[in-house]
Amino acid sequence: MFPSRARGLLDFCMAVLCVWTAYHHTPAGALVRKASAWAFSSKSTARPLLAYYDGMTGTSLVAPMLAPEVSLVRPLTDAESLAWGTHLALKGLDARAREPFAVLAQELGIPMDRLLDPVEGPVAARRLHAALEADFPREEARLTALFVGRIPARYAQERVVAEGGAPTLESLNRQLPPGFETASVGAAQALALSTAFGLAWPVSESARVTSPFGERHHPVLGMRRMHTGVDLSVPTGTAVSAVAEGVVRRASEDAVNGRVLVLDHGRGVTTAYCHNSELLVRVGERVERGQLIARSGNTGRSTGPHLHYQLELASRPMDPLKFRASVRAVSGDSSR
């Protein structure tokens, strides 16, 4: 089979490795795994499509996730959350990638500067969604139309519907012509950001935020470290609730996080709950918004009873306080 047995075996092993890598670590492989899971009615292990593009050192197709520049004065409705996510994802694109937005904005008499404005941008983005709602009733199809243009999005939507599928970002992306990768990832970012705006809070809103997101002096290690979540001061045994429906991806214990849960909410959004005294759900279990999932505690690397709550979008930690109204950080003790 091979001209040289040793060389041939090496080439064969390298080929198998390349196929395995493509299957597990590329968007194309993810789509194949999702299609196979659908065909055989099984669960897919593929990550959300956005995760393959965002967070790749030096090769990210779009800018990093952006958080709101202004504080929210009240909780957002679903439509407002979608508009905020659209506005923030648009700001992360370069001028060329913004062209589909510019075309529709011009038709509606909306200056492009207004779409990028931290205050007026979400309101203007909501007008764009309203203008497309008749042709693209599903929000994922509407986001595709905003980021790639109405004609390619309409074609993709018609193809997906003709094949009997639902117009999700992934199914629409498979039907788009080559060259729309950056735009389709922008749409996925908008969807992830809008999901973050709609998350609930894991404990009472009155719980003090004793250590906010960002770089800080670590209370145990005694040096500057990045704090990738927020610490909520609550007594041991406090009920911890799921901030949205999702699937339990991790339920374990280690020396740093203590008893920890990680929930996957889809759309590239995950949340983590650390230092619990008791875990009440198992890996693979589906949970509902507001469901009791754990009891807070003081396990792991911790200086006092609290809950470390962490939000990640496409595997990137984000400040959960940026996506909420009425929650304020205060000085105090605790954390890890």
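This is a predicted model: local features need pLDDT of at least 70, side-chain atom pairs count only at pLDDT 80 or more; totals for chains, interfaces and linings use all residues.
W84, F197 and F323 form one aromatic cluster.

**Aromatic pair W84 and F197**

- The ring centres of W84 and F197 are 5.8 Å apart and the planes stand at 50°, so this pair is tilted.
- The pair joins distant parts of the chain, with W84 in helix α4 (residues 78-91) and F197 in helix α11 (residues 181-197), 113 residues apart.
- W84 has a relative accessibility of 11% and therefore counts as buried.
- F197 is also buried, at a relative accessible area of 5%.

**Aromatic pair W201 and Y309**

- For W201 and Y309 the ring centres lie 5.4 Å apart and the planes are at 75°, so the pair is edge-to-face.
- This pair too links distant parts of the chain: W201 sits in the loop between α11 and β1 (208-211), while Y309 belongs to strand β11 (residues 307-313), 108 residues apart.
- Both W201 and Y309 are buried.

**Helices α8 and α9**

- Two packed helices are described by the angle and the distance between their axes.
- Helix α8 (residues 139-148) and helix α9 (residues 150-162) have axes that come within 7 Å and cross at roughly 145°.
- The crossing of α8 and α9 is right-handed.
- On the α8 side the contact involves A141, T144, A145 and V148, which meet R150, P152, A153 and Q157 of α9.
- By class, the contact of α8 with α9 contains five nonpolar, two polar and one charged residues.

Key:
Residues are numbered from 1 along each chain as its sequence is written. Side-chain values use heavy atoms; hydrogens and water are left out. Axes are lines fitted to C-alpha atoms, for helices over the stretch in contact, and angles run from 0 to 180 degrees between N-to-C directions. Helices (H or I, at least four residues) and strands (E, at least two) are DSSP runs, numbered from the N terminus. A crossing is left-handed if the near helix is turned anticlockwise from the far one by less than a right angle, and right-handed if clockwise. Contact means heavy atoms within 4.5 Å. Ala, Val, Leu, Ile, Met, Phe, Trp, Tyr, Cys and Pro count as nonpolar, Asp, Glu, Lys and Arg as charged, and the others, Gly among them, as polar. Rings of Phe, Tyr and Trp (its six-membered ring) pair if their centres lie within 6.5 Å; planes under 30 degrees apart count as stacked, over 60 as edge-to-face and the rest as tilted. Buried means under 20% relative accessible area, exposed over 50%, partly exposed in between (1.4 Å probe, protein chains only).
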